[in-house]
Amino acid sequence: MAKKLVIEHLNAWFGAVQAIRDITIDIEENGVTAVIGPSGCGKTTFVRCLNRIHEVVDNAMVSGRVMLDGVDIYSKTSDPVLVRRRIGMVFQKPNPFPTMSIFENVAAGVKLNGVRRKDRIADTVERSLKSAALWEEVKDKLHKPATTLSGGQQQRLCIARTIAIEPEVVLMDEPASALDPISTARIEELIQQIKERYTIVIVTHNMQQAARVSDYTGFFLLGELIEFDRTSDIFTNPRDKRTEDYITGRFG
Amino acid sequence: MKLVTGDRAIRFIATIFASVILALIVLIVYELLKGSVPSIHKFGLKFLVTSTWDPVSEHFGALPFVFGTIVSSVIALVIALPVSIGIAVFLSELAPRPVRPAVSLMVELLAAIPSIIYGLWGLFVMVPFLQMYVEPALGRYFGFLPLFSGAPIGVGMLAGGIILSIMIIPTIAAVSRDIFNTVPMLYKEAGFALGMTRWEVIEKIVFPHARSGLIGAVMLGFGRALGETMAVTMVIGNAPTIAASLFAPSYTIASVLANEFTEATTKLYLSSLIELALILFVISMLFNAVARLLVIRERTAK
């Protein structure tokens, strides 16, 4: 498989506090890569560096390279706005825009890309909601506020909103941690369905989830990448003692 | 549980102080009403729609003052709103973090300048500037509109509106900044993650989120403009006329009260002024009430 993202010597700081140290990792195209580790290990910061949203926070800094199809997204000529249209993100807490309807939420990014024709926007909204397995539940109330949906539905709406702009990579930051088990199962199912078309990086503190959905897994501890390998190898045959301790539940 | 003596004492004292506020408002309304009785008796509702103000023959009407008060405040708002929103956006979204407290402080300092100083500056600096440059230019290019017709005399409705706008900018800017700061990062990040630019995040996420709170901010500024006295009195021209032109002199309720109270020698004259005060009180209360209501609604909606 081809390498979609090549990350080299990535460091990130919040002010003087270094959140991740010297991360080097390759993300395979059309695969699901899981990032696991205990709270505060830098896994969220790591994915937030991949679409340059880390730098939106005050005092945040990044060094190193993130190559998307061979081009560094942190080069001087790279525009973070365009990077984020190619690398979408789903957040830990469902965050549909509260001032917009269900339809407008999904259409928001599509319109940004210059699509003006109403029928094309409507097509994209329908297709995205179907991909996110939400269409059947909302097709009769598309113009209701997004906040009327349940938490699980809101998170699937956020996924629909993200894939509506057809990014190449979808970053998911603990997308199911605020959801009940049934909603979680639906999100996991969804990841399996859409991974054919997207490269997915998912942060999770749930090891079973990483084992179920991912092809590759990276284990983070105290801001460093301890081990990165095929998911099956990480969980059955970890090379590092710390990885083994974590996945067998001895700490974290 | 039984309250200890100290607790009981402090509760008693605080309750008294709080009741004083309520008593004051009731008393003010009572005094205003009582003072207006002769005028209300003489002119009735006609007082509100009459534009004569003739102390010699004792014919009094409030219309030019109500007009001057509301129109000058509206002009102030039209000018102040975009500037204030710009300041608030800069302070909450764009300015580098170390710069923010300094700029915020300067905006708040604007509110601390005594209004007589605004008035002096307005009269000696702004009015001549309006008379020599701004009004002739407006007249030349937009003179076909009644708004910009007539002689450029400097003092008048335009000068009053501009000085008021400068005085309400700190209020609107500070409140708007606080409202923008309440928009959760969560939603702004969702916008950035969709590939929105900074401006698109402000326009599509921050503004809609802040909308009803902004209405509250605007109303608070408007309420301030309605009651502002000193600076306006010095630049608005003080003539009880109703003219379409912004260059024409006008008069506000607050200004006429300040100017004429010492001259009000007859009972009816004094009473008419007090009724004007009552009208200003009612207008201000109405706008403040609506503003509070909108702010409360915004808070409970989240």
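Two strands count as paired if DSSP finds at least two bridges between them; strands (E, at least two residues) and helices (H or I, at least four) are DSSP runs, numbered from the N terminus. This is a predicted model, in which local features need pLDDT of at least 70 and side-chain atom pairs count only at pLDDT 80 or more, while totals for chains, interfaces and linings use all residues. Residues are numbered from 1 along each chain as its sequence is written, chains are lettered from A and ligands numbered from 1 in the order in which they are written, and side-chain values use heavy atoms, without hydrogens and water.

Chain A holds an open sheet of six strands with mixed pairing, in the order β6-β7-β8-β3-β9-β10. Its edges are β6 (87–90) and β10 (224–230), each with a single partner strand, so one side of each has no neighbour in the sheet. From one strand to the next the twist averages 15 degrees. Within the sheet, β3 (residues 32–36) and β9 (residues 216–221) of chain A run parallel and are joined by four bridges. Ala34(A) has Thr217(A) as its bridge partner in β9(A).

Helix α6 (residues 151–164) of chain A lies across β6 and β7 (169–173), running at about 175 degrees to β6(A). Angles run from 0 to 180 degrees between N-to-C directions, and axes are lines fitted to C-alpha atoms, for helices over the stretch in contact; contact means heavy atoms within 4.5 Å.

Helices α3 (residues 102–112) and α4 (residues 118–131) of chain A pack at about 115 degrees, with their axes 9 Å apart. Residues in this contact include Phe103(A) and Val110(A) of α3(A), and Ile121(A) and Leu129(A) of α4(A).
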